[in-house]
2 protein chains.
Amino acid sequence: MHGQMMQLPLLISSLLTHAERHHGEQLVVSRRVEGDVHRQSFRALAARSRRLANALTTLGVQAGERVATLAWNGHRHMELYYAVSGSGAVLHTLNPRLHPDQLTWIADHAEDQVLFFEASFLPLVQAVAPRVKTIRQYVLMTDRAHMPASTGIPNLLCFEDLLAAQDDHFEWPLLDENTASSLCYTSGTTGNPKGVLYSHRSTVLHTLASVSPDALNLSSRDVVLPVVPMFHVNAWGLPYAACMVGARLVLPGPHLDGKSLHELFEAEGVTVSAGVPTVWQGLLAHVETNDLKFSSMRRTIVGGAACPPAMLRAFQERHGVQVLHAWGMTELSPLGTAGVLKGHQLNLPEDQRLAVQAKQGRAVFGVDMKVVAEDGTELPWNGQASGELMVRGPWIVSQYLKGEGGDPLVDGWFPTGDVASIDADGFMQITDRSKDVIKSGGEWIGSIDLENIAMAHPGVAMAACIAAKHAKWDERPLLIVARKPGATLTREELLGFFEGKIAKWWTPDDVVFVDAIPLGATGKMLKMRLREQYGNHLLQAAGEVT
Amino acid sequence: MHGQMMQLPLLISSLLTHAERHHGEQLVVSRRVEGDVHRQSFRALAARSRRLANALTTLGVQAGERVATLAWNGHRHMELYYAVSGSGAVLHTLNPRLHPDQLTWIADHAEDQVLFFEASFLPLVQAVAPRVKTIRQYVLMTDRAHMPASTGIPNLLCFEDLLAAQDDHFEWPLLDENTASSLCYTSGTTGNPKGVLYSHRSTVLHTLASVSPDALNLSSRDVVLPVVPMFHVNAWGLPYAACMVGARLVLPGPHLDGKSLHELFEAEGVTVSAGVPTVWQGLLAHVETNDLKFSSMRRTIVGGAACPPAMLRAFQERHGVQVLHAWGMTELSPLGTAGVLKGHQLNLPEDQRLAVQAKQGRAVFGVDMKVVAEDGTELPWNGQASGELMVRGPWIVSQYLKGEGGDPLVDGWFPTGDVASIDADGFMQITDRSKDVIKSGGEWIGSIDLENIAMAHPGVAMAACIAAKHAKWDERPLLIVARKPGATLTREELLGFFEGKIAKWWTPDDVVFVDAIPLGATGKMLKMRLREQYGNHLLQAAGEVT
């Protein structure tokens with residue numbers, strides 16, 4: 001027997017409609033590629049999204065077809081988020097940090113029909129356009145005054161001209177909630193990139209769960225600045241969450257350096273921000289070097305990579321900004337866990353509280369998780385037993401686009417490729433990526449713990465720990481370190497810094513100082529490249545390889 | 001094209017599973033009918049719910065069959081919430097404040113198979129059992145030691161014996177999320193009661209939306225005491241919300257007087273409570289008479305009837321307890337709106353802020369609302385235009401059980417029977433029930449405004465304003481008032497109190513003092529009965545009716 005409640009689908013367009021009706025005066029503030037700061041109300045956002053939906057119709061975009069973007073965080077990108085998905089097409093956010101070869105491959109694989117891009121990425125588009133097969137129309141996301149005289153891209157359209165030609169009446173279609181809404185490729189380090197195809201249902205459920213007090217805790221009283229790009233897993237869902245709760249949204253455009261961000265935080269009264277640790281490193285360095293402070297920031301959401309404990313302390317103890325450590329993946333829309341303290345943890349001694357916050361956090365409602373041993377048996381939640389993290393939930397991938405890579409699930413669970421433990425309170429802690437773990441004489445050493453210790457040294461700007469081949473132990477930890485400008489840190493000093501902080505046999509065997517750690521397109525350290533370069537370092541040092 | 005995310009149904013059992021895994025040590029504290037205070041962890045709650053699900057199987061309860069309860073707020077009732085719905089049957093919460101004739105009619109209409117009840121309601125069950133046709137099994141919700149020697153109810157089972165005989169292994173079935181989960185009858189004042197049949201989907205979506213910061217704002221750090229009964233619209237969903245967020249739940253059992261509640265608030269460190277204004281009147285009177293305070297309470301959710309502004313002030317200004325004014329209906333699961341201030345309202349002068357909080361609030365995400373004129377056209381959101389409130393959303397009724405009363409919807413919207421206005425910020429304010437509005441010479445007078453003014457007078461315990469027949473104006477407002485003990489308030493004094501607070505022609509024509517205002521089974525004033533009794537009062541006073 002079925003219940004007798006209204007059968008209304010969960011649709012992305014309903015987020016926009018809600019924002020327009022209930023928070024019509026709320027603002028989206030965008031620092032644009034053109035250099036200005038643009039402000040528009042949710043009411044205007046909704047009207048322009050409807051114009052854009054009409055424009056997509058005139059461009060011949062059909063339901064289910066992919067419309068790609070190459071753009072920063074800004075209002076035009078947000079209009080595309082709603083117009084494309086809302087009208088029944090699929091928004092495909094391309095990552096401009098990828099190589100033109102990869103972009104060409106991905107756009108063809110996704111069969112993108114139209115590409116909307118910002119002026120910053122014109123050279124990239126010029127490199128891709130002659131080779132990509134499926135894109136039949138290019139639109140430059142700017143106004144007539146900023147259109148370049150000649151681009152070499154045939155029949156290039158101007159975004160604002162397109163909108164000006166349209167009516168702002170458009171009825172959002174009542175789609176099946178399982179309709180595909182958006183597409184994001186994982187930056188796979190092995191094999192071809194794989195497409196994760198979100199649905200309206202998965203997106204709305206993810207948004208509902210993510211705004212709750214035990215997750216990102218977002219309300220109409222917040223001013224939210226996503227540093228995390230809208231081309232990277234939907235900016236962790238914040239463009240959707242802002243509409244659901246009616247929060248002011250501040251979109252930073254192309255300038256993500258510490259100075260630009262801090263100015264925007266202060267000028268717009270930002271209360272909550274979100275980004276990866278490398279961005280926060282830059283921000284903290286700028287703030288501390290220039291003796292600045294955060295006058296409105298209450299909270300910063302750190303994800304994409306583990307938040308080093310030193311960063312946690314810096315934000316909370318020196319700047320009064322609470323850190324919310326979160327974990328997710330492209331395959332999870334992306335939110336999986338959030339490090340929100342439970343009631344009984346609020347009054348823990350500071351060190352213990354920070355230790356809890358340094359973990360990746362508790363599963364948000366909707367996500368089931370477990371850690372399993374190599375034979376697949378579930379491990380206990382004791383904060384010690386560590387194994388591969390598996391997750392399940394209505395906003396988690398069931399299959400990659402076109403079945404690429406086969407069935408990713410194991411008995412209905414998605415294997416994350418992370419090695420983690422879960423404690424009795426349900427706080428998950430990632431000890432490593434399964435491919436980064438160091439297997440020393442049959443025992444596992446977590447590279448992240450060692451990196452966190454190294455990063456806490458005042459002379460270290462960034463540190464990566466990799467498994468280097470070893471004649472006796474198979475693998476031993478090797479530390480690759482970029483010093484802070486002016487720091488004179490030595491190998492002995494740094495290795496001495498580990499004493500008493502870990503078991504002695506976990507201490508790295510050696511340190512290699514480099515100018516910079518290589519970062520990938522999403523800001524993560526490219527450990528695979530480091531392993532290629534330094535994997536034989538210990539053997540060479542021992543004279544066993546030349 | 002469909003998205004490729006996991007197809008996992010939204011199920012009530014997933015709330016319990018989440019609570020067990022992530023908040024296993026969190027407590028459900030119950031003051032029981034037996035007189036003791038019982039404590040059990042969510043882990044134990046989950047295990048007992050599984051035992052109970054096994055017991056339902058042995059009782060022969062089939063998927064979709066109705067299992068009824070007559071019970072206070074307590075852990076056994078909560079176990080039934082999860083065991084019955086979770087196993088695929090339908091939980092039917094009967095309202096013990098109804099007359100045995102009504103209960104018999106409702107139980108037969110719902111085709112209840114099994115009735116679980118608490119000892120308080122034995123006389124009621126003894127009155128109903130000989131006449132009700134469908135109930136084939138009765139279970140008394142107590143342990144062996146508290147089973148009465150003789151009840152006259154054939155084959156009466158003991159709840160704890162039932163559980164003791166079962167194993168706590170039970171696999172919650174993977175139901176279609178649209179499966180019916182629970183049933184609640186509206187206390188219709190006209191015609192037969194009508195059944196609202198909730199689904200797993202509607203319940204989980206309602207719970208997700210209700211815990212968000214712009215709705216009830218519930219977290220794992222809260223200690224929640226629902227005064228609103230679990231037999232009345234699922235205690236506003238709080239037994240579900242507590243499991244979703246891992247909040248401690250304090251269930252008050254049968255004693256809802258001010259003294260009992262205040263003791264429990266203080267003993268258990270309750271941070272959030274929820275109930276109807278009449279309950280809070282009793283609580284405030286007790287606290288103020290005895291010069292007590294609230295040491296842990298942060299917030300109280302007031303719904304079921306309009307929160308009088310005087311109560312709002314008393315809680316916030318005298319006791320530091322924030323009032324969250326909310327509105328809902330049985331047909332809405334029940335949450336429709338919540339009076340959560342927006343950012344720009346936080347710094348309003350106190351009087352203006354209180355005026356916003358006195359409104360019923362903004363639609364929670366998922367609920368669409370509009371007010372319409374008598375011809376059905378939508379009225380502007382200007383805080384003035386007032387018409388019937390219509391709502392739409394995935395946890396709103398589409399049809400009553402067995403099609404009773406025909407199609408309740410108008411163009412896909414549910415007409416609430418409330419007359420309301422909506423302001424530019426989306427705050428809805430109910431001015432009346434459409435059947436209670438006073439039509440004076442073609443103009444509408446809202447009875448609630450007049451009641452609120454009367455209730456603000458220190459000599460008034462409770463006030464109802466009804467439409468009394470009038471020779472010239474058709475209808476005029478008549479005030480029915482119960483004085484506070486010892487108060488010597490006169491007609492002239494009270495009518496003078498209205499001066500300057502409303503348009504002169506809104507002033508009630510007369511006042512009738514009574515010992516008590518009659519209340520219905522859900523604590524609401526029975527205005528229909530007052531109209532029957534006093535509807536001709538003005539004509540009689542004018543000598544036009546004898």
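This briefing looks at how two protein chains meet in the structure above.

The structure is a predicted model, in which local features need pLDDT of at least 70 and side-chain atom pairs count only at pLDDT 80 or more, while totals for chains, interfaces and linings use all residues. Residues are numbered from 1 along each chain as its sequence is written, chains are lettered from A in the order in which they are written, and side-chain values use heavy atoms, with hydrogens and water left out.

**The area they share**

- The size of an interface is often given as the accessible area lost when the parts come together.
- Here chain A and chain B bury about 5800 Å² between them, with 58% of it on carbon and sulfur atoms; buried area is the accessible area (1.4 Å probe) that two parts lose on being put together, summed over both.
- Met5(A), Met6(A) and Phe365(A) supply 16% of the area that chain A buries against chain B, more than any other three residues.

**Bonds across the interface**

- There are 6 salt bridges between chain A and chain B, each being a side-chain nitrogen of Lys or Arg within 4 Å of a carboxyl oxygen of Asp or Glu.
- One salt bridge joins the side chains of Asp214(A) and Arg221(B), at 3.4 Å from N to O.

**How the copies are related**

- Two copies of a chain are related by a rotation about an axis and a shift along it.

**A look at Asn217(A)**

- Is Asn217(A) buried, exposed or partly exposed? Asn217(A) counts as partly exposed because its relative accessibility is 27% (buried is under 20% relative accessible area, exposed over 50%, partly exposed in between, with a 1.4 Å probe and protein chains only).
- Not counting residues up to four places away in sequence, Asn217(A) touches several residues, including Ser212(A), Arg299(A) and Pro213(B).
- The C-alpha atoms of Asn217(A) and Val340(A) are separated by 9.4 Å, though these residues are 123 residues apart along the chain.

Terms used. Contact = heavy atoms within 4.5 Å.
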